[in-house]
Amino acid sequence: MSEQGFVVTPWEVTGVVDYERLIRDFGTQPISDKLGRRLEKVLGSASYLIRRRIFFSHRDLDLILDDYDHGRGFFLYTGRGPSGPMHIGHILSFYFTKWLQDKFQVNVYIQITDDEKFLEEKRNLSYQDTQNWAKENILDIIAAGFDPDRTFILQDTEFLGHAYPLVLKVARRINFSVVRAVFGFTNETNVGMLFYPSIQIIPSFLEKKRCLIPSAIDQDPYWRIQRDVAAPLGYQKAAAIHSKFLPPLTGFQDKMSSSKPETAIFLSDDDNTVRNKVYRYAFSGGQATIEEHRKLGGNPDIDVPFQWLYMFFEPGDSPIERIRADYRSGRMLTGELKDILIERITTFLHEHRARREKAADLVETFKREGALARTIWEMDFRDR
Ligand code: TYM
């Protein structure tokens, strides 16, 4: 653990994250009121994620909106490391990206980093495991509702062969001391991981426009390097918009984890599992007894069910403020708050899974391997 009591890297989140401190440490910008309002105007119904600063930090988001306003356009890029089942936290950025796509009508590239998850030794996944999880995760990603005509799913082990010349050009510009400093690699890190950052940068170069990358803030270290190598290679620096982490069910310490199922709700959890997990494990800001709760009220700031509603499941400002006030005053009990969350999660999961059922038929469309290979091949990166 670092001296500030928490650690955030693309592979690890421990402790209780101080987001203001991260903005300073990573060198990103908070979303200002002016910029927030500018984005909210376009976003409409999805703007609660900005207004509440669930997406709280950025790089060059203002330039993306300028490009849009002046007709230059932009494109979106996000991704997933297929290491296991996806949970509610993982899907947040995908829904947000889909809403951005709806509003701005732009292309989305989604990278599936099966290579990264195979290389990450602590996960101990076989190559076949990563292939199976990629297949499963892609169905969940498609279920977020992306536009098949404007969305490209890039699974690294399938598509990177075509982009290898570009990977080389990026890799030659990143030295060991940079990746060691940015990612904390050590003498024990395998050389695949040392090389991997070049690969996560590639999709940001797929169009000759500025790229906007939505993700939680843990992925930002890659964009720092992208922004160093882009201009010398003739590309634009990537812009990014960063979310906070949806906290683990069990409280604000560390992050949701597939290896600790009580910390997360998975997209595959059935109604009973959702209910049991929320009742048994969700960290509550309520009082120990009903009498005390009625007298003293609950604390929504530390209450995970309230925070999950605020961060994703209750987009309406009036309803969420009513819940906050009722809970704080003691009018609403912990069980009642949990029931609201359970109802929201199960409704969301039913809708998500109904779309997932239909996703299998769309996989080939989203992967459109031949077309994508040609697009990349036709790019003029060979001359650089
Ligand atoms: P991965 O699979 O670890 O995470 C997928 C996405 O989920 C975000 N995330 C969360 N968001 C909110 N709350 C949480 N608790 C939470 N946990 C994870 C991550 O920030 C990410 O956006 N290396 C990447 C895959 C990748 C990628 C990208 C991600 C490749 N290119 C571009 C984002 C953008 C990975 O393993 O993500």
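**Exercise 1.** How far does a polar side-chain atom of Y77 lie from a nitrogen atom of the ligand?

*Solution.* Start with the model. It is predicted: local features need pLDDT of at least 70, side-chain atom pairs count only at pLDDT 80 or more, and totals for chains, interfaces and linings use all residues. Residues are numbered from 1 along each chain as its sequence is written, and side-chain values use heavy atoms, without hydrogens and water.

Now take Y77. The distance is 2.7 Å. That is a polar contact (a pair of N or O atoms within 3.5 Å). Next, Q111: a polar atom of its side chain is 3.2 Å from a ligand nitrogen. Then Q219: an N or O atom in its side chain also lies 3.2 Å from a nitrogen atom of the ligand.

**Exercise 2.** Describe the shell around the ligand.

*Solution.* Count first. The ligand is surrounded by 22 residues, where near means a heavy atom within 4 Å. Y77, R80, G81, E116 and D218 are the closest. Sort by class: six are nonpolar, 11 polar and five charged. Gly counts as polar here, while Asp, Glu, Lys and Arg count as charged. Then look for elements. β5 gives the most, with four residues.

**Exercise 3.** How many helices and strands are there in the protein?

*Solution.* Count DSSP runs: helices (H or I) need at least four residues, strands (E) at least two. The protein has 18 helices and nine strands. The radius of gyration is 21 Å, close to the 21 Å from the globule rule for 384 residues, so the protein is as compact as a globular protein of that length. The radius is taken over C-alpha atoms, and the rule is 2.2 Å times the number of residues to the power 0.38.

How values were computed. A polar contact is a pair of N or O atoms within 3.5 Å; within protein, one must be able to donate a hydrogen and the other to accept it, and residues adjacent in sequence count only if both atoms are side-chain atoms.
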